[in-house]
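Please look at the sequence and the model below before reading on.

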2 protein chains.
Amino acid sequence: MTPRVLVVEDAEPIRTAVGIALTEAGYGVRTRPDGDGLERELAEYRPDLLLLDVMLPGRDGFELLTVARETSNAGVILLTARDAVDDRLHGLRTGADDYVVKPFVLAELIARVEAVLRRMGRLRTVLTVGDLEVDVEAQAVRRAGAEIDLTATEFKLLAFLAGRDGKVVGKTQLLTAVWGYDDYADNLVEVYVSGLRRKLEAHGPRLLHTVRGSGYVLRA
Amino acid sequence: MTPRVLVVEDAEPIRTAVGIALTEAGYGVRTRPDGDGLERELAEYRPDLLLLDVMLPGRDGFELLTVARETSNAGVILLTARDAVDDRLHGLRTGADDYVVKPFVLAELIARVEAVLRRMGRLRTVLTVGDLEVDVEAQAVRRAGAEIDLTATEFKLLAFLAGRDGKVVGKTQLLTAVWGYDDYADNLVEVYVSGLRRKLEAHGPRLLHTVRGSGYVLRA
DNA sequence: CCGTTGGCTGAGGATGTGCTGAGGGTTGCG
DNA sequence: CGCAACCCTCAGCACATCCTCAGCCAACGG
């Protein structure tokens with residue numbers, strides 16, 4: 001659920017600081033002082049992102065980057081020394097997703113981590129209404145821990161309602177947003193609301209309320 | 001529910017004054033003297049709006065603006081020094097939603113905050129009369145914390161009265177506004193006022209007063 | 001104090017809106 | 001090709017809401 005980050009950095013203070021900062025920012029973190037056993041770590045920990053120092057004892061950051069690309073689809077951010085222009089070029093050419101120049105502000109590092117993860121689609125936009133979670137990217141819905149299986153249309157409907165959390169949405173509006181119709185067609189919306197409710201309410205109280213004469217609301 | 005504002009301003013008196021003013025205006029507020037850890041604050045507090053001083057120790061307002069744009073979809077208002085024309089140009093080019101020139105009147109600041117939030121669609125139009133809250137978008141009514149369930153017509157009636165807070169509204173006027181009739185029909189209005197009162201007065205004293213010979217007023 | 005006017009409210013029938021189960025057509029997959 | 005899932009239509013049912021009506025109550029003026 002929360003993205004995992006693997007940090008490879010030999011300088012102890014930096015390694016610890018980065019580890020703490022990432023943890024506080026809500027990521028899962030593991031740190032290592034060098035690239036030994038990286039392959040196993042990748043297979044085992046399955047990180048979403050690698051933070052690789054370029055200057056390392058043993059295999060350097062570039063080598064690790066190449067290794068990682070073979071077996072993992074994690075994003076990679078390189079930590080390079082200031083003005084090591086060659087490093088940056090090399091790094092980007094080799095396929096790093098971003099690089100951070102040392103010394104860096106931790107906040108900036110966090111920002112870049114987030115940016116890369118977002119670009120990779122690993123940072124999920126999850127809409128939350130009460131105990132309901134709608135993961136828009138993954139097309140997954142969870143309530144009280146339980147996965148709820150929805151059809152494509154049901155999901156579109158729910159996602160739209162979740163995005164307007166708390167606001168009443170008219171049936172015509174839903175029809176255009178979800179089905180692309182411009183005017184009212186039968187009781188399509190009602191039928192789908194009915195089905196959606198059955199699935200949602202199997203795990204908790206009503207969230208999808210009717211506002212008679214106006215439409216529907218998703219609200220805790 | 002209520003919009004959250006994050007204020008970054010190094011001058012202590014201004015920071016405090018702005019914080020208090022925003023709180024009184026009904027916003028959630030956090031203040032910080034500089035941009036350190038802004039990323040975490042963004043992720044954690046999820047503000048709807050940022051108020052950034054341009055002249056800051058460490059990273060200045062522009063840098064923070066750029067950072068914020070990457071990871072957040074909050075609106076941004078810059079606080080610039082008088083006649084710093086470059087700043088304004090730079091600010092708007094960088095994508096600020098608005099700017100306020102120092103020194104400013106607090107009321108103006110609040111007005112701009114409201115304007116930006118409204119433009120962003122983050123501002124709920126909630127009409128308030130005494131302890132009664134009428135949320136127009138959500139079609140929800142609350143009194144003393146309790147949700148009150150109204151029918152569509154009752155809601156329209158109440159919303160109209162709430163929108164003219166303190167002013168007497170004639171029955172004919174209500175008839176046209178709520179029902180679309182052009183002239184008087186029976187005692188329709190009276191019937192609905194009666195029903196509305198029963199629901200409202202279950203949670204407190206009378207708010208919807210009769211003005212004999214003229215109409216009705218909603219007033220605490 | 002009484003009459004008149006204006007306002008209040010309970011009852012009830014008509015209407016409209018929403019809910020749901022069933023089923024036919026279509027699509028995608030094994 | 002057969003099966004299953006899914007999308008949409010249809011029709012009947014249930015009931016909330018709307019509006020009318022009629023009787024009662026409160027206020028105000030004389």
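Two residues are in contact if their C-beta atoms, placed from the backbone, lie within 7 Å. The model is predicted.

## Chain A as a whole

By that contact rule, residues 24 or more positions apart account for 54% of the contacts in chain A with a separation of 6 or more. The chain holds eight helices and 11 strands. Its length is 220 residues, and 33% of them count as buried.

In soluble globular proteins, nonpolar side chains tend to be buried together. The largest nonpolar core in this model has 61 residues, and L51(A) and L51(B) are the members that touch the most others. Helix α5 of chain A, residues 106–120, contributes the largest share of this core, with six residues.

Leaving out residues up to four places away in sequence, L51(A) touches V5(A), V7(A) and V8(A), and also V18(A), I77(A) and L79(A).

## Contact between chains A and B

Chain A brings 16 residues to the contact between the chains and chain B brings 14. On the side of chain B that touches chain A, α2 (38–45) and α3 (61–71) of chain B each supply at least two residues. The element that gives the most there is α2(B), with four residues. By residue type, this side of chain B divides into five nonpolar, four polar and five charged residues.

## E41(A)

Helix α2 of chain A spans residues 38–45 and includes E41(A). Is E41(A) buried or partly exposed? A residue counts as buried if 20 or more other C-beta atoms lie within 10 Å of its own. E41(A) has 19 other C-beta atoms within 10 Å, so E41(A) is partly exposed.

Apart from neighbours within four places in sequence, E41(A) is in contact with L6(A) and R32(A). R30(A) lies 11 residues from E41(A) along the chain, and the C-alpha atoms of these two residues are separated by 9.4 Å.

## The surface near DNA strand C

DNA strand C has 18 residues around it. Those that come nearest are S194(A) and T210(A) from chain A, and E190(B), S194(B) and T210(B) from chain B. The elements giving two or more residues to this surface are α8 (188–200) of chain A and α8 (188–200) of chain B. The surface consists of four nonpolar, eight polar and six charged residues.

T210(A), one of the residues that come nearest to strand C, stands opposite Y216(A) in β11(A). Strand β10 of chain A (residues 208–211) and strand β11 of chain A (residues 215–218) run antiparallel and are joined by four bridges. The two strands form a hairpin with three residues between them. In the turn, G213(A) has a positive phi of about 85 degrees.

Terms used:
Residues are numbered from 1 along each chain as its sequence is written. Chains are lettered from A and ligands numbered from 1 in the order in which they are written. This is a predicted model: local features need pLDDT of at least 70, side-chain atom pairs count only at pLDDT 80 or more; totals for chains, interfaces and linings use all residues. A residue is near a molecule or strand if its C-beta atom, placed from the backbone, lies within 6 Å of it. Ala, Val, Leu, Ile, Met, Phe, Trp, Tyr, Cys and Pro count as nonpolar, Asp, Glu, Lys and Arg as charged, and the others, Gly among them, as polar. A residue is buried if 20 or more other C-beta atoms lie within 10 Å of its own, exposed if 12 or fewer, and partly exposed in between; C-beta atoms are placed from the backbone. A nonpolar core is a set of buried Ala, Val, Leu, Ile, Met, Phe, Trp, Tyr and Cys residues joined through C-beta atoms within 7 Å. Two strands pair if DSSP finds at least two bridges between them.
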